[in-house]
Amino acid sequence: MADSSFDIVSKIDHQEVANALNSAAREVATRYDFKNVGASIEASGQDKVIIKANTEERANAVLDVFQTWLVKRKVSLKHLDVPERGPQLSGKEYRLELGLKEGISQENAKKINKIIRDEGPKSVKSQIQGDELRVTSKSRDDLQAVQALLKGKDDLDVALTFTNYR
């Protein structure tokens, strides 16, 4: 019997992010507590989101609205790269630039590879291929066990998606 395999990737559904961004912008524009505070949220290119407000608290509130909409659209918050320093004063307004993270870094790929090697079934082999991992085994049950193992790991700082299951 041929080997079965699947790929572990970290991809963003850009359409869902755009939908969440539009919904958050609409909510910020209509909510009473955001009136006359210059609060806004907008996309800047494919992988940046800019939040503006006249106070630091309002900028964080807009971020909270955006995160709520991302969760409603089933986009993992692990894709969102929120700066540690928080909103920065830029002229008369506070700006918060968020990045969208996609792909698995070499460091995270090695960590996932080690988890599979140490805690997964012994018949499973995994290898790093660029910004994704390929997991192979003769048994499909072992592959499903690896998926369940990785879904149960909350300490990974990357959102995982399983594709090309054959």
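Exposed means over 50% relative accessible area, and buried means under 20%. These legends use both words for close-ups of a predicted model.

**View 1. Helix 1 has a buried side and an exposed side.**
On one side of helix 1, Gln15, Arg26, Ala29 and Thr30 are exposed. The buried residues of helix 1 are Glu16, Val17, Ala20, Leu21, Ser23, Ala24 and Val28. An α-helix has 3.6 residues a turn, so residues three or four places apart point the same way. The length of helix 1 agrees with expectation: 17 residues should span 24 Å at 1.5 Å a residue, and the end C-alpha atoms are 24 Å apart.

**View 2. Arg26 belongs to helix 1.**
Is Arg26 buried or exposed? With 54% relative accessibility, Arg26 counts as exposed. Its C-alpha atom is separated from that of Ser40 by 9.4 Å. Along the chain, Arg26 and Ser40 are 14 residues apart.

**View 3. Helix 2 runs from residue 56 to residue 72.**
Helix 2 has 17 residues. From first C-alpha to last it reaches 25 Å, close to the 24 Å expected at 1.5 Å a residue. Its buried residues are Ala59, Val62, Leu63, Val65, Phe66 and Leu70. Seen down the axis, they fall within an arc of 155 degrees, so they line one face of helix 2. What covers them includes helix 1, strand 2 (40-43), strand 3 (48-53), strand 4 (80-81) and strand 6 (93-100). The face turned away from the buried side carries the exposed residues Glu57 and Lys72.

**View 4. Lys72 lies over the face of Trp69.**
How far is Lys72 from the ring centre of Trp69? The distance is 4.4 Å. Lys72 is also one of the exposed residues of helix 2. Just after helix 2, Lys74 takes a positive phi of about 60 degrees.

**View 5. Ser10 sits in the loop between strand 1 (4-9) and helix 1 (14-30).**
Ser10 counts as buried, at 2% relative accessibility. Its side chain reaches the backbone oxygen of Ala159 at 2.9 Å. Which residues does Ser10 contact, leaving aside its neighbours within four places in sequence? They are His79, Glu102, Gly103, Ile104, Val158 and Ala159.

**View 6. Phe6 and Phe162 form an edge-to-face pair.**
A search of the whole structure finds 1 aromatic pair. The ring centres of Phe6 and Phe162 are 5.6 Å apart and the planes stand at 85 degrees, so the pair is edge-to-face. The cut-off for that label is over 60 degrees. The pair links distant parts of the chain, with Phe6 in strand 1 and Phe162 in strand 9. The two residues are 156 residues apart. Phe6 is buried, and its relative accessible area is 0%.

**View 7. Ser137 lies in strand 8.**
At 2% relative accessibility, Ser137 counts as buried.

**View 8. Helix 4 covers residues 140-151.**
At the start of helix 4, a side-chain oxygen of Ser139 reaches to within 3.2 Å of the backbone nitrogen of Asp141. The helix has 12 residues. It reaches 17 Å from its first C-alpha to its last, close to the 16 Å expected at 1.5 Å a residue. Which residues of helix 4 are buried? They are Leu143, Val146, Gln147, Leu149 and Leu150. Seen down the axis, these fall within an arc of 160 degrees, so they line one face of helix 4. Their cover includes strand 1, helix 3 (106-119), strand 8 (132-137) and strand 9 (161-163). On the other side of helix 4, Asp141, Ala148 and Lys151 are exposed.

How values were computed: Residues are numbered from 1 along each chain as its sequence is written. This is a predicted model: local features need pLDDT of at least 70, side-chain atom pairs count only at pLDDT 80 or more; totals for chains, interfaces and linings use all residues. Side-chain values use heavy atoms; hydrogens and water are left out. Helices (H or I, at least four residues) and strands (E, at least two) are DSSP runs, numbered from the N terminus. Buried means under 20% relative accessible area, exposed over 50%, partly exposed in between (1.4 Å probe, protein chains only). A polar contact is a pair of N or O atoms within 3.5 Å; within protein, one must be able to donate a hydrogen and the other to accept it, and residues adjacent in sequence count only if both atoms are side-chain atoms. Contact means heavy atoms within 4.5 Å. The expected span of a helix is 1.5 Å times one less than its number of residues. The arc is that of the directions from the helix axis to the C-beta atoms. Rings of Phe, Tyr and Trp (its six-membered ring) pair if their centres lie within 6.5 Å; planes under 30 degrees apart count as stacked, over 60 as edge-to-face and the rest as tilted. A charge sits over a ring if NZ of Lys or CZ of Arg is within 6 Å of the ring centre and within 35 degrees of the ring normal.
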